[in-house]
Amino acid sequence: MDSSSAGQEDDRERRGISERASLDKRALRRSFLDNLLYVQGKFPRLATKNDYYLALAHTVRDRLMQRWISTAAAYTTQCSRTVCYLSAEFLMGPHLGNNLINLGIYDVAAEVVGELGLDLEDLLYQEEEPGLGNGGLGRLAACFIDSLATLEVPALGYGIRYEYGIFHQTLSDGWQVEKTDKWLRFGNPWELARPEWAVEIKFGGHTEQYTDEHQRLRVRWVAARIVNGVPYDTPILGYHVNTANTLRLWKAEAPESFDFGQFNRGDYAGAVTQKIVSENLSKVLYPNDEQEAGKELRLQQQFFFVSCSLQDMLRILQIQRIPVEKFHEKFAVQLNDTHPSIGVAELMRLLVDEQLLAWDTAWDITCKSFGYTNHTLMPEALERWSLPLFQRVLPRHLEIIYEINARFLDQVRIRFFGDEARIARLSLIEEQGPRYVRMANLACVGSHAINGVADLHTELLKQDVLKDFYELCPEKFSNKTNGVTPRRWIVLANPRLTSLITETLGDGWIRDLDLLRGLESHIDDAAFVQRWQAVKRANKADLATHIERRLQISIDPDSLFDVQVKRIHEYKRQHLAALHIVALYCRIKANPNIEMVPRTFIFGGKAAPGYHMAKLMIKLITAIGDVVNFDPDVRGRLKVAFLPNFSVTNGQRIYPAADLSEQISTAGKEASGTGNMKFQMNGALTIGTMDGANIEIMEEVGKENFFQFGLLTPEVYAWQARGYRPQECYERSPALREVIDLIGSGYFARGDSSVFKPLIDVLLRYDPYFLLADFDSYVACQDEVSAVYKDKHRWARMAILNSARSGKFSSDRTIRQYCSEIWNVDKVPVRLLSQEDVEA
Ligand code: B1N
C-alpha cells in the first residue's frame, strides 16, 4: 500500500470512528434522558442531582447487560474452569466512574451531561460507595476482581451484602464519632436480586446417626433454625474487553414457612422477632481490622456466606451437568484469610452428608479445591472460636473438624514420632486452657496452596506463624505479592496524570503497567518534567480546596504534602508521625526564624470503635493540629489536617496529590500494605521501614529513590529478646525527651495532662511497636526528605522514576501469578452476542 492510499485508509477509519462516536453520543444522550423520564419519573426541570446520577447509572447499566449476558453464555457453554474468590469483605468503591472508564465512554458521558448543564464529577460524587470492607484486605478483593475481569478469567466474587458497611467517621472535638453507613438508602442501581437462586442455611440443633438403604452409617444434621440466603449480583466489567464477571453477595432473609408455626399459634410478635433475628445475619460489617472479636454473630456470618456460596457452586455444577466428583476441576476456591475457612468443613459436610460421597473422595476434592491466603502476622488477629460457641452454632461441623483432625494428626505422629509439642501446635484444636478451634490450622490442612502477600510476609509465615505447617508441607507455600488496579488508582483517580502518560507512551500501559518504564527515557526532557510538576501541583491545589472547605484551614499547595492514610493502629504508628510533627514544632518554638521546608501533614483513617488507644491516636493528631495550625510563630510552615471518613472515594482525591507516602509500620508487622503502591503509582516518594511490600517497592525504585529508616525485622526481634527498655531511648535522645514531655505536660490538651497519659505511659513503659527506638532514625530521614524537596527538579525526577517503576504492583501481575501458580485457570475471551442471539 502506498503512503497516499494508506493516508486515505487512515482518514476513512478516522471518519468511521468519529461517526461512530457521534452516534454513540446521540444514543447515550437519548437513553440518559429516557432513563430520567422512565426510571426516575422526572422531567429535567424537576430532577435532583441524584436523579441525574441514577439516570446515568441506568444508562451505563443498560450498556453492561449485553456483556454480562454474553459472558455468562460463554462460560456456561464452555463449562469454563472458574475462580471463586471467597471474602467476607469487598471494598468496591463507587461503580459509575469505573464502569464509564472500562466501557471507554467516560469522555462522551462527560460531554453529554455537560451539554445538559451538568458536571460529570458532580454526578459521580452522588454515588454512595459500597463500603463493605475495613481496609486493605477488602480493597484487595476489589482490585482482584477488577483484574480477573480485565484478564478475561472466569471468576465469581462471593461475599456478604451487608446492609450497613463500614461506619461513617465524623470528628467531634477531635475525637472519632461513628455514624451508621446507610449506603442502600437511595437504592442501588448496580445490583440485581436473584431470589430464584436463594438457598437455605441451617444453624444450631443437633446431629443424629442413621443407616441408609445400603446399610451404611450416616449422619443427619437436625438444625434449630433455618435462614434463607438470597444472592444479589453486580456485574464486574473488565477494561476494554467484553468480559463482565459477577460479584455475588448474599443477603439473609427469614424463610416464609418458618414463621407459620408461631404465627398460627397467635404469636405474631414472636414470628416477627424470628424474622429480625434472621435478617440480622447480613445487617452489619464488623469494624475490626486485625483484631479478633470472637462474637457468635460473626461466626454465623462467616458460615452463612460460605455455605450459600458452596451450595451455589453445586447448583452450577448441576446445571452444567458436571458430576460432583469433578468439583475441583470446575472450581478453584480461594479463602481470603481465615474468615471463610469454615468452608473446608462445610464442603466436607455437603459432599459426605448430602452428596453421599466417601470421606476420602470428599477430602481429596476439598484439598484440591481450596487455596488459603494469609494476611496477617499479628497474633491477636488469628481467628479462634471457643468450643462451646462452635458446638452451639455448628454442631455437625465440630464433629467433622474432629474427624479431619484425628486423621491429620495420625499422619503427623508417624512423620514426627514422639514430638508431642509439635502435635499440640499443629492440632486444629487448642487444648491448653479453654479449648478453641483454630481456623488458620483448618485452612492450612484443607488447602493445597498457602500464600502470604509480600516476600517478607511469606518468609515470616514460614519461619514463625505457620512454621509447623511449612515443615510438614513446604511444597504448599508460595508468595503472591499484592497489587492494586491501575484502572481505579491511576486512570479514574488521576485523569491529569493519565493524559500526560498516554500522550507520552500511548495507552497500552493501562493493561500492561510494566510499560510505564517508558517514562524513564523522558526524565531529561525538561518539558516533560515541567508537565509532570504541573500535574502534581494541580492535584494538590484540588485537594487543598477540598480540605479548606471541609476543615476551614488554609493549605499552601506549594508545601510538601506528607500523607498517611490507612486504618489507625498502633503497629502502623501514626503516633510516630505525630511525634515528628511535635519535634518540628519544638524547633520552631526554640528558634522562630529557623529555615524549614513548609509541610502539610494529611492524615486519614478509621479506628475500630472499641480500640481506645487508636481513638486516642486520632485525638492526639487533631489536638496537635489545633495548636500548630494557629500558632503565629509557625507562620503557616506546618499544617496538620485529619480528613474525616477515609474511604475509597476520599482515597481517589488524596493519593494523586501526595508528595510523600508514609509507610512507617514496625518492621515485621505489616503483611504487605497496598496504599504504599497507590502512592507510588501516582508519583509520591515513600518514607518507609523495611516492612511488607515496602521492601519490594525499594527494590524496584532503587535505594536512591526511597527514604528508608528504622530497625530491620531481625533487629526488632533481637531488641525484643534482649529486653527492650524504651525509657533508655527517651533518656538518650534530647529531641525525643522534649517531644514526649511536651505532650505529657498537657500542652496539646489545654493543660490537661491526663488526656494523653495512657498513650505516653505505654510508650515509656512497654512501647510494643518500637516508636522510641525508631524515633531518631525517622526524624533524621525526614530531614533528608526536606533537603531533597528543596531541589524541586531532583524531587520531580525521583517521583517520575517511582511511577515508572511501579509496574510490578499492578494487581494484573498478582492475578496472573495466582492463575498460573495456584488456580490453574486460563482466560476465556467473550464474544459479544447480538440482540438476535440473546433473544433466540
Ligand atoms: O491485608 C492487606 C495487607 O496489605 C495489609 O498489610 C494487612 O494488614 C491487611 C481481620 C483483617 N490483614 N488482616 C486483615 C481485616 C479484617 C478483619 O476482620 C483481619 N487485614 C489485613 C491485604 O493483603
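I'll start with an open sheet of 6 strands, in the order E22-E21-E20-E23-E24-E25, with parallel pairing. Strands here are DSSP runs of E, at least two residues long, and helices are runs of H or I, at least four long, all numbered from the N terminus. Two strands pair if DSSP finds at least two bridges between them. At the edges of this sheet are strand E22 (638-642) and strand E25 (707-708), each pairing on one side only.

A word on the source. This is a predicted model, where local features need pLDDT of at least 70 and side-chain atom pairs count only at pLDDT 80 or more, while totals for chains, interfaces and linings use all residues. Residues are numbered from 1 along each chain as its sequence is written.

Back to the sheet. Strand E20 (residues 560-565) and strand E23 (residues 660-663) are parallel and share 2 bridges. Asp562 stands opposite Leu660 in E23. Helix H22 (residues 574-590) lies across E20, strand E21 (599-604), E22 and E23, and runs at about 155 degrees to E22. That angle, on a scale from 0 to 180 degrees, is between N-to-C directions of axes fitted to C-alpha atoms, for helices over the stretch in contact.

Next, the domains. The protein chain is divided into domain 1 (79-93 + 129-482 + 821-839) and domain 2 (487-713 + 771-807); the bounds come from an automatic or database domain assignment. Their centres, taken over C-alpha atoms, are 36 Å apart. The contact takes 39 residues from domain 1 and 37 residues from domain 2, where contact means C-beta atoms, placed from the backbone, within 7 Å. On the domain 1 side, helix H6 (136-150) gives the largest share, 5 residues.

Where is the ligand? Both domains give residues to the shell around the ligand, so the ligand lies between them. The shell has 20 residues, and the closest are Gly136, Leu137, His375, Ala671 and Ser672. A residue counts as near if its C-beta atom, placed from the backbone, lies within 6 Å. The shell divides into 6 nonpolar, 10 polar and 4 charged residues. Nonpolar means Ala, Val, Leu, Ile, Met, Phe, Trp, Tyr, Cys and Pro; charged means Asp, Glu, Lys and Arg; the others, Gly among them, are polar.

Last, a hairpin. Strands E9 (residues 206-211) and E10 (residues 217-222) pair in the antiparallel sense over 6 bridges. Val219 in E10 is the bridge partner of Gln209. Between the two strands are 5 residues, and Gln215 in the turn has a positive phi of about 65 degrees.

Note on methods
Buried ≥ 20, exposed ≤ 12 C-beta atoms within 10 Å, placed from the backbone. Contact = placed C-beta atoms within 7 Å.
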